[in-house]
Amino acid sequence: MADSIGLLRPRTVIGPNLRAAGEWALRFDTFLHVRVGGVVRGTCWLILEGHEPVLLREGDTFMLGNPPPYVLASTPDASPRPAEPVLAGAEDGFVRIGPESEEDLYLCVGHIAFDDRNAELLTSLLPPLVIVRVADPHGRRLAQLTDLLATEVGVAAAGGPLVQNHLAQILLVHMLRAHAAQTDRPTGWLGALNEDGIGAALRAVHADVAHSWTLKELAEISHMSRSAFAQAFKNHVGTTPLEYLIQWRISLARDALARDTLSISELARATGYLSESAFSTAFRRVVGSSPTQFRNQARQPPRPAANKSSRKRPVLSGAAPAGDEDTSTPPADTNTSDADTRHTRDCSTSGAAVGVDGA
């Protein structure tokens with residue numbers, strides 16, 4: 001989890017927090033990535049488009065992942081007004097609605113944005129809304145974190161922004177843990193971390209991404225046969241083990257190409273490929289451009305933002321671009337997908353260090 005969140009380069013904005021009295025309702029537009037919040041005092045309603053209204057009580061915590069428009073309100077039938085102009089009038093990190101002497105709600109919120117290149121690593125796994133009640137197993141800890149965050153917002157102490165940023169990210173991690181614990185089968189790597197065998201294989205891959213992992217080695221780490229491991233991994237993560245490895249390596253490579261000074265050949269070795277050509281082949285299959293093209297584009301000065309609704313999401317599948325068909329046959333008894341087959345072919349012809357059973 002730490003590896004994935006670190007790769008997302010989280011940027012946190014705390015507040016403005018809300019203190020309110022009387023009848024009120026604020027309508028929030030859709031936004032990217034994650035918003036976390038908690039009720040420090042009082043109660044309020046969260047009304048998410050397409051969901052039943054939810055009453056949040058003191059100590060409850062919520063997380064919104066790439067959500068549709070939603071409303072925060074004192075009552076479900078209160079008439080909402082746009083939140084943006086209200087938030088623009090914040091002072092000292094707070095928005096106040098109604099008489100200060102009658103305030104009965106204190107809501108602490110934070111918005112966590114991620115590097116768009118890899119944001120889907122996490123946001124694709126999250127439902128629009130996660131609620132953790134104060135009485136839940138993780139609820140008390142989350143309520144304490146929210147209280148700490150609210151305290152930091154309310155005082156002008158040295159290092160306040162740094163503390164707020166770290167507290168918000170800790171809150172996010174604990175929310176993800178709570179979500180994984182309260183969901184029968186969370187999707188992707190988030191759910192797989194709770195499975196002893198699959199989680200052990202994931203941790204091994206993340207600990208040594210440059211190793212020439214084979215399906216046999218990962219199955220042994222999980223104490224399963226190859227076929228049982230491959231099936232269990234796909235059931236929990238949603239993709240095959242070797243396709244996951246490809247996607248994780250290319251995610252690391254995208255981040256490095258945008259930020260680091262490694263040469264393409266050095267980056268190829270660091271991400272588990274024995275040759276620059278093998279790395280470039282795998283990178284192009286996932287991203288759609290060569291490593292050099294991606295690096296040049298990523299390091300160009302940002303242009304004025306276009307319509308956000310047309311922004312392309314990061315591509316995290318191993319599908320080959322149109323017109324690049326593959327007709328090879330996977331090795332027997334490996335339960336590999338077509339993506340594994342393509343990657344095996346790339347390894348055998350270009351020298352990559354990962355494949356099925358040592359390819």
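What follows is a conversation that sets values against their definitions.

Mentor: Happy to. This is a predicted model, in which local features need pLDDT of at least 70 and side-chain atom pairs count only at pLDDT 80 or more, while totals for chains, interfaces and linings use all residues. Residues are numbered from 1 along each chain as its sequence is written, and side-chain values use heavy atoms, with hydrogens and water left out.

Trainee: Then let's start with the rings. Why is the pair of Phe28 and Tyr70 called stacked?

Mentor: Rings of Phe, Tyr and Trp (its six-membered ring) pair if their centres lie within 6.5 Å; planes under 30 degrees apart count as stacked, over 60 as edge-to-face and the rest as tilted. The centres of Phe28 and Tyr70 are 4.8 Å apart and the planes are at 5 degrees, so this pair is stacked. The structure holds seven aromatic pairs.

Trainee: What makes Phe28 and Tyr70 a link between distant parts of the chain?

Mentor: Phe28 lies in strand 3 (residues 25-28) and Tyr70 in strand 8 (residues 70-73), 42 residues apart. Helices (H or I, at least four residues) and strands (E, at least two) are DSSP runs, numbered from the N terminus.

Trainee: And what is the geometry of the aromatic pair formed by Phe233 and Tyr244?

Mentor: That pair is edge-to-face, with 5.9 Å centre to centre and 70 degrees between the planes. Phe233 belongs to helix 9 (residues 226-237) and Tyr244 to helix 10 (residues 241-259). Elsewhere, ring pairs link Tyr273, Phe279, Phe283 and Phe294 into a cluster.

Trainee: Is Phe233 buried or exposed?

Mentor: Buried means under 20% relative accessible area, exposed over 50%, and partly exposed in between (1.4 Å probe, protein chains only). Phe233 has a relative accessible area of 3%, so it is buried. Tyr244 has 8%, so Tyr244 is buried as well. Phe28 and Tyr70 are also buried.

Trainee: Which residues of helix 9 are buried?

Mentor: They are Phe229, Ala230, Ala232, Phe233, His236 and Val237. Helix 9 has twelve residues and reaches 16 Å from its first C-alpha to its last, close to the 16 Å expected at 1.5 Å a residue; the expected span is 1.5 Å times one less than the number of residues. Gly238 follows helix 9, and its phi is positive, near 95 degrees.

Trainee: What makes both faces of strand 12 count as covered?

Mentor: In strand 12 (residues 129-132), Leu129 and Ile131 on one side and Val130 and Val132 on the other are all buried.

Trainee: How do you know that strand 7 and strand 12 pair?

Mentor: Two strands pair if DSSP finds at least two bridges between them. Four bridges join strand 7 (residues 61-65) to strand 12, and the two run antiparallel. Val132 in strand 12 is the bridge partner of Thr61.

Trainee: What makes the contact of Asp60 with Arg133 a salt bridge?

Mentor: A salt bridge is a side-chain nitrogen of Lys or Arg within 4 Å of a carboxyl oxygen of Asp or Glu. The closest N and O atoms of Asp60 and Arg133 are 2.6 Å apart, and the pair forms a salt bridge.

Trainee: How far apart are Lys216 and Glu220 in helix 8?

Mentor: Being four residues apart in helix 8 (residues 215-221), they are separated by about one helical turn. Lys216 and Glu220 form a salt bridge, with the closest N and O atoms 2.7 Å apart. Lys216 is partly exposed at 44%, and Glu220 is partly exposed at 45%. Salt bridges that share partners also join Arg96, Glu100 and Glu103 into one network.

Trainee: Where does the charged end of Arg96 sit?

Mentor: It sits over the ring of Phe94, 5.6 Å from the ring centre. A charge sits over a ring if NZ of Lys or CZ of Arg is within 6 Å of the ring centre and within 35 degrees of the ring normal. The charged end of Arg19 likewise sits over the ring of Tyr106, 4.1 Å from its centre.

Trainee: Last one: how many disulfides are there?

Mentor: A disulfide is a pair of cysteine sulfur atoms within 2.5 Å, and by this rule the count comes to zero. Cys44 is buried at 0% relative accessibility, and Cys108 is buried at 1%.
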